[in-house]
Amino acid sequence: APATRPRRLVHASREATTPAPRPPHPIPPRSPAIDDPPRPAHVRRRTKKISPDERLFPVSSSAPPQGYAGDAELGAALKDADVVIIPAGVPRKPGMTRDDLFKINAGIVAGLTEACAAHCPKAMINMISNPVNSTVPIASEILKKKGVYDPKKLFGVTTLDVVRAKTFYAEKNGLETAKVDVPVVGGHAGITILPLLSQATPKVAMTDDVIDALTKRTQDGGTEVVAAKAGKGSATLSMAYAGALFADACLRAKNGEANVVECTYVESTVTEVPFFATKVTLGKEGVEKIHGLGELSAYEQKALDAMMPELKDSINKGVEFANGM
């Protein structure tokens, strides 16, 4: 279905420090779902504005990107956006946990969410900033305070966990990755990441040891990359890819494509915690249907039970932060 007005996507990136300018995570300007220029809002402190030419061109697209910089231009960047991607903050470094990131990124996320509430209250917000288990609850509380919270339009982007699970499952079993599906549920940190390998397709019989190894590698994928980069970054490229996949799914659904299903961390009643990642059918107005967990193996049920205290604590931490502002 054609869009009733041009689709607008904003990539909001605010850094807590002042490193040398670097390219932002790629956004999908070539998506046919976007016909108004994607607007990367690079909100930097004490650094000069970086032009779109320096950062994102050439892009063979009918929707050339536009660049904005600084808090003063944030409102213009966000105005009437349909989708806002927030990867803002600092990446994880060796020895850092997502809890360490919370101390830095929580305030940044809160500020950008307040700006979304003011300038694009109906936008789908794709939250990438870690710790997602806490930043999504922060955003929800900020939006509630502003009177514009719509649980159907706030998403924690857990697509990278799905990408990793599919890749590891396919490699182990000699399958084509593009034809593999592995649902990943829970949250987006450590043991809260649970690939449901019993529901993977195509179905392949695996030993308990292999299932455990693939599960743990999926859970520790980010840590593996941080260690491999030896302090020079985190999983920025793969996260950019995953973020672009999810943003494109949101845009396709918003433009009327049917049966767009992605795993994502949303407000949910599937489990005892108020936010949880499962498969979600996306529609024009955001969440159309939240799918259940399906039948779990004994291994998966045990892992689900084990993650609950940590996930609950992370959610409460985000809520308490937002309410204490």
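**Starting from one residue**

Q: Which residues is Ile-138 in contact with, leaving aside its neighbours within four places in sequence?
A: With those neighbours set aside, Ile-138 is in contact with Phe-102, Ala-106, Val-109, Ala-110, Gly-318, Phe-321 and Ala-322, where contact means heavy atoms within 4.5 Å. Please keep in mind that this is a predicted model, in which local features need pLDDT of at least 70 and side-chain atom pairs count only at pLDDT 80 or more, while totals for chains, interfaces and linings use all residues. Residues are numbered from 1 along each chain as its sequence is written, and side-chain values use heavy atoms, with hydrogens and water left out.

Q: OK, and which members of the largest nonpolar core touch the most other members?
A: They are Val-84, Ile-86, Ile-138, Tyr-265 and Phe-276, out of 43 residues in that core. A nonpolar core here is a set of buried Ala, Val, Leu, Ile, Met, Phe, Trp, Tyr and Cys residues joined through side-chain atoms within 4.5 Å; buried means under 20% relative accessible area, exposed over 50%, and partly exposed in between, using a 1.4 Å probe and protein chains only.

Q: Which elements give two or more residues to this core?
A: Helix 2 (74–78), strand 4 (83–86), helix 3 (98–119), strand 5 (124–127), helix 4 (132–145), strand 10 (275–283) and helix 9 (298–323) each do, and helix 3 gives the most, with nine residues. The elements are DSSP runs numbered from the N terminus, with helices being H or I of at least four residues and strands being E of at least two. Another core, of 20 residues, lies apart from this one, and Leu-160, Ala-247, Ala-249 and Val-266 are among its members.

Q: Which residues make the contact?
A: Helix 4 brings Asn-133, Ser-134, Pro-137, Ile-138, Glu-141, Ile-142 and Lys-145, and the partners in helix 9 include Leu-311, Ile-315, Gly-318, Phe-321 and Ala-322.

Q: What about Val-136, is that one buried or exposed?
A: Val-136, which is also found in helix 4, is buried, with a relative accessible area of 0%. Not counting residues up to four places away in sequence, Val-136 touches Met-127, Leu-154, Phe-155, Gly-156, Tyr-265 and Phe-275.

Q: Changing topic: how far apart are the axes of helix 5 and helix 6?
A: They are 9 Å apart, and helix 5 (residues 159–173) packs against helix 6 (residues 208–219) at an angle of about 145°. This crossing is right-handed, and in it Asp-161, Arg-164, Ala-165, Phe-168, Tyr-169, Glu-171 and Lys-172 of helix 5 meet Val-210, Leu-214, Arg-217 and Thr-218 of helix 6.

Q: Where are the cis peptide bonds?
A: One runs from Asn-130 to Pro-131, with omega near 0°, and Pro-131 has its place in the loop between strand 5 and helix 4. Another runs from Thr-201 to Pro-202, with omega near -5°, and Pro-202 lies in the loop between strand 8 (193–195) and helix 6.

Q: And which residues have a positive phi of about 60° without being a glycine?
A: Asp-80 has one; Asp-80 is found in the loop between helix 2 and strand 4 and is partly exposed, with a relative accessible area of 36%.

Q: Last one: how many helices and strands does the protein chain have?
A: The protein chain has nine helices and eleven strands, and buried residues make up 53% of its 325 residues.

Terms used:
Axes are lines fitted to C-alpha atoms, for helices over the stretch in contact, and angles run from 0 to 180 degrees between N-to-C directions. A crossing is left-handed if the near helix is turned anticlockwise from the far one by less than a right angle, and right-handed if clockwise.
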